[in-house]
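This report describes one protein chain from its computed geometry. Please look at the sequence and the model, then read the sections below.

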Amino acid sequence: MQRVAGLLHGLLARPLASYHLLLASAGLLLAIGLMMVFSATSVNSYATEGSAFTRIAEQATYALFGLLAFWVCQRLPARTFRALGLPLLLLAFLLQGLLDAVSLLHRGDGPARLGPIEANLNWLELGGLSMQPSELAKLALVLWAADVLTRKGPALGYWRQLALPLFPVTGALMLLVGFTDLGTMLCLLVLFVGMLWAAGVRLRVFAGMGLAVVAGIALLIAAQRSYRVERLTSFLDPNCDVLDQCYQAVQGRSAIADGGWFGVGLGNAAYKWGWLPEEDNDFIFAVIGEELGVIGCLVVLGLFGVLAYTGLRIARRVSDGFRRLAATGVIAWIVGQTVINVGGVVGLLPVTGLPLPFISTGGSALLVTLAAVGMLASFARAEPDASRALHARPPARWVQVLWAPLPPLPRARVKEEIG
């Protein structure tokens, strides 16, 4: 045991340990996600599209764009992320406000339309390009709030410094997002509270925030009474109708129960054959439980735990306040969303419709999440030890071979050639 602990300590003491842990945990989660998306969508894709690879091809394309965003973001300095905060926040306000306006003006079933703009639940489509504005709002809030909190510094102890402009802007963004997507609004709340906690805001501020949040959630539930109240009451009612309000939740738990400890085998799930709604999105964790069992679920949750540890390690080791707060916000966002999603699947929380990061289908979510992890990678490379190691690293081997000077000729051969 001591030898294992010593080996682990030695690995974590390396200068680039945070960077490598981040790459390993996020990369494995992405690989598992692509594998499970193919398993969960192959049946329905074959039945509707005639090919089992239609949905996985779309998700793999989004993953490639996400990896490109990851590579770009890991190369950007902190000042670029600070400069992007306000423009991204304004763009998120514009797109989310447009989505809410189209949804509010629409009456009837089906997607809402206003000219060339189409809104369907949380998605906005314009000119064939679909996007989910609430996903952009997460990254925008992280960057903007981290910049504002860093600029205010010790002045955060005063209410007025928090009231202008932090609380009104954040509250307005949460209300806009919560009008169509209450789950994402809760995710925004979690990441914002995590950033305030990391910034050292006093505890009484959180008490006042709690009252405002309860009032806001009650208002949003009343605004969409048809299904939000039904979800909440079905979660609180142990005798709800298993064929109506509780159908999705019961089917998800049944799928996990059928998987047992080791699962029925990859690709052998039965509930994805039309018995489990949103099997590739909100309830993909149930498919993991059925096919890979409790062990597979623990592996996925363990990888999220490694990612959370790595993000908090980066936040502790960087010297810049903006990097520390932004890293905390990203980790609070990913962990909070994971807890809300998994809690809804296993029955510990109400079902909110949030996807599982890295795992569920969805191009906007995967693209923005990988960009945020790329920002974490940039921060990991900026750790003092990592920065010194990167600057002191010798050039690549092939560069040394090409540019190395030729060895001097022996003295005897020099005389022969001169003579």
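Asp-147 counts as buried because its relative accessibility is 9%; buried means under 20% relative accessible area, exposed over 50%, and partly exposed in between, with a 1.4 Å probe and protein chains only. The model is predicted: local features need pLDDT of at least 70, side-chain atom pairs count only at pLDDT 80 or more, and totals for chains, interfaces and linings use all residues. Residues are numbered from 1 along each chain as its sequence is written, and side-chain values use heavy atoms, with hydrogens and water left out.

Asp-147 is part of helix H5. Helices (H or I, at least four residues) and strands (E, at least two) are DSSP runs, numbered from the N terminus. Leaving aside neighbours within four places in sequence, Asp-147 is in contact with Arg-82 and Phe-322, where contact means heavy atoms within 4.5 Å. The side chains of Asp-147 and Arg-82 also make a polar contact at 2.8 Å. A polar contact is a pair of N or O atoms within 3.5 Å; within protein, one must be able to donate a hydrogen and the other to accept it, and residues adjacent in sequence count only if both atoms are side-chain atoms.

## Salt bridges

Side chains of opposite charge can pair when their charged atoms come close. The structure holds five salt bridges, each defined as a side-chain nitrogen of Lys or Arg within 4 Å of a carboxyl oxygen of Asp or Glu. One of them joins Arg-82 to Asp-147, with 2.8 Å between the closest N and O atoms. Arg-82 lies in helix H4 (residues 78-105) and Asp-147 in helix H5 (residues 133-152), so this pair ties together parts that are 65 residues apart in sequence. Arg-82 counts as partly exposed because its relative accessibility is 23%. Arg-82, Asp-147 and Arg-151 are linked in a network of salt bridges.

Within helix H5, Lys-138 and Glu-135 lie three residues apart, about one turn of the helix. Their side chains meet in a salt bridge, 3.1 Å from N to O. Lys-138 has 0% relative accessibility and counts as buried; Glu-135, at 1%, also counts as buried.

Lys-272 forms a salt bridge with Glu-291, and their closest N and O atoms are 3.2 Å apart. Since Lys-272 lies in the loop between H11 and H12 and Glu-291 in helix H12, the pair ties together parts that are 19 residues apart in sequence. Lys-272 counts as buried at 5% relative accessibility, and Glu-291 counts as buried at 1%.

Helix H13 (residues 321-346) has 26 residues and spans 37 Å from its first C-alpha to its last, close to the 38 Å expected at 1.5 Å a residue. The expected span is 1.5 Å times one less than the number of residues in the helix. H13 is mostly covered, with 22 of its 26 residues buried.

Helix H14 (residues 363-381) has 19 residues; its span from first to last C-alpha is 27 Å, close to the 27 Å expected. Of these 19 residues, 17 are buried, so H14 is largely enclosed by the rest of the structure.

Which residues form a nonpolar patch on the surface? The patch consists of Trp-261, Phe-262, Ile-295, Leu-298, Val-299 and Leu-301, which together have about 650 Å² of accessible area. Patches are made of residues with over 30% relative accessible area and no salt bridge: like charges are joined within 9 Å, and nonpolar side chains (Val, Leu, Ile, Met, Phe, Trp, Tyr) within 5 Å. Phe-262 sits in the loop between helix H11 (247-259) and helix H12 (284-317), and counts as exposed at 67% relative accessibility.

Met-131 is found in strand S4 (residues 129-131) and counts as partly exposed at 23% relative accessibility. Met-131 and Leu-95 are 36 residues apart in sequence, and their C-alpha atoms are 9.2 Å apart in space.

## Whole chain

The protein chain has 17 helices and four strands. Buried residues make up 44% of its 419 residues. Among contacts between residues at least 6 apart in sequence, 72% join residues at least 24 apart. The accessible surface of the protein chain is about 21600 Å², with 66% belonging to carbon and sulfur atoms; accessible areas come from the Shrake-Rupley method with a 1.4 Å probe, and for residues only the protein chains shown count as cover.
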